[in-house]
Amino acid sequence: MTEIPAGPTPQRAIGVLASFDFTKDRELWRWAPDDVTLYLSRTDPAPSWEGLALVSALNKPQVLERATRELCTLRSEAVVYLCTACSFVGGVGGERALRQAMLDYGAPQALTTSGAVVDALRAVGAERVAVAHPYIESVGKRLHDYLTESGFTVTSSIGLGLQPAEIPAVPYDEVCKLVRESDHPDADAVFVSCSSLPTYDVIAPLERELGKPVITANQATIWGVLRAAGLSAVGPGQQLLTA
């Protein structure tokens, strides 16, 4: 008689509410342990693809209602809004309003990428932060303001000047070049902003090279939402995951 496998590992459900233009689904899964399923939903499209206009449109709490309710029907233990700029563009108050909206729409626990980044930087003991980002200047300034309002000193900030539709095509070598150029001797850590930038495979090598933590948007997002559910992210050699 053929031996029948015991069956798939029982799964814990985690909800990820991404912006409509998010393309790095497979990268997110690399941080997830085998007993976790990441359920992804997306916002409706924004009326404009211009950088500041797009993220400002997706900073409104009501745009999260449909997707949050969808993820709650799947019994997600926590729901995270995965979009860095969309969650920092309204400042600390705007980020807080997004989390409260998701709770109001039924999420048992609610996080945002920008809120998770703040938690991650604090977890590695960073007070002075170098920032690498792909945004145009107006969006980059909002990021600087958000980090400052959250209590960090921004030692340096370098951006690529890209519009949202251009960011997903940035390869690893350009990400590494940007991080190296953004680093500052006084920085306790480097933060790489934007969930559209690929970073999983370069975090640990850059940390060894620079001698400090490198926190990235997708890494902090999955670390934060798993942590909220009492779970741990997977990322060999990444300093945040052992902090």
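Arg-30 and Asp-201 form a salt bridge, and their closest N and O atoms lie 2.8 Å apart. The model is predicted.

How many salt bridges does the rule find across the interface of domain 1 and domain 2? The count is 1.

Domain 1 brings 33 residues to the contact, and domain 2 brings 36 residues.

## The interface

What area is buried between domain 1 and domain 2? The figure is about 2800 Å². Carbon and sulfur atoms give 60% of that area.

Polar contacts also cross between the domains: 16 residue pairs are counted between domain 1 and domain 2, with both residues at pLDDT 80 or more. On the domain 1 side, several helices each supply at least two of the residues that touch domain 2. They are helix H1 (25-30), helix H2 (51-57), helix H4 (84-88), helix H5 (91-104) and H10. Which of them gives the most? H5 does, with 4 residues.

## The open sheet

An open sheet holds 4 strands in the order S6-S5-S7-S8. The pairing is parallel. Strand S6 (153-159) and strand S8 (214-216) are the edge strands, and each pairs on one side only. From one strand to the next, the twist averages 20 degrees.

Inside this order, strand S5 (residues 128-133) and strand S7 (residues 189-192) run parallel and are joined by 4 bridges. Val-131 stands opposite Phe-191 in S7. In general, strands of a sheet pair through backbone hydrogen bonds.

## Helices on the sheet

Two helices can be followed here. Helix H7 (residues 137-149) packs on the sheet and touches S5, S6 and S7. The direction of H7 makes about 160 degrees with that of S5.

Helix H10 (residues 217-228) also packs on the sheet. H10 touches S7 and S8, and its direction makes about 75 degrees with that of S8. H10 has a further part in the picture: it is among the helices that supply at least two residues of the side of domain 1 that touches domain 2.

Note on methods: Residues are numbered from 1 along each chain as its sequence is written. This is a predicted model: local features need pLDDT of at least 70, side-chain atom pairs count only at pLDDT 80 or more; totals for chains, interfaces and linings use all residues. Side-chain values use heavy atoms; hydrogens and water are left out. Two strands pair if DSSP finds at least two bridges between them. Axes are lines fitted to C-alpha atoms, for helices over the stretch in contact, and angles run from 0 to 180 degrees between N-to-C directions. Contact means heavy atoms within 4.5 Å. Buried area is the accessible area (1.4 Å probe) that two parts lose on being put together, summed over both. A salt bridge is a side-chain nitrogen of Lys or Arg within 4 Å of a carboxyl oxygen of Asp or Glu. A polar contact is a pair of N or O atoms within 3.5 Å; within protein, one must be able to donate a hydrogen and the other to accept it, and residues adjacent in sequence count only if both atoms are side-chain atoms.
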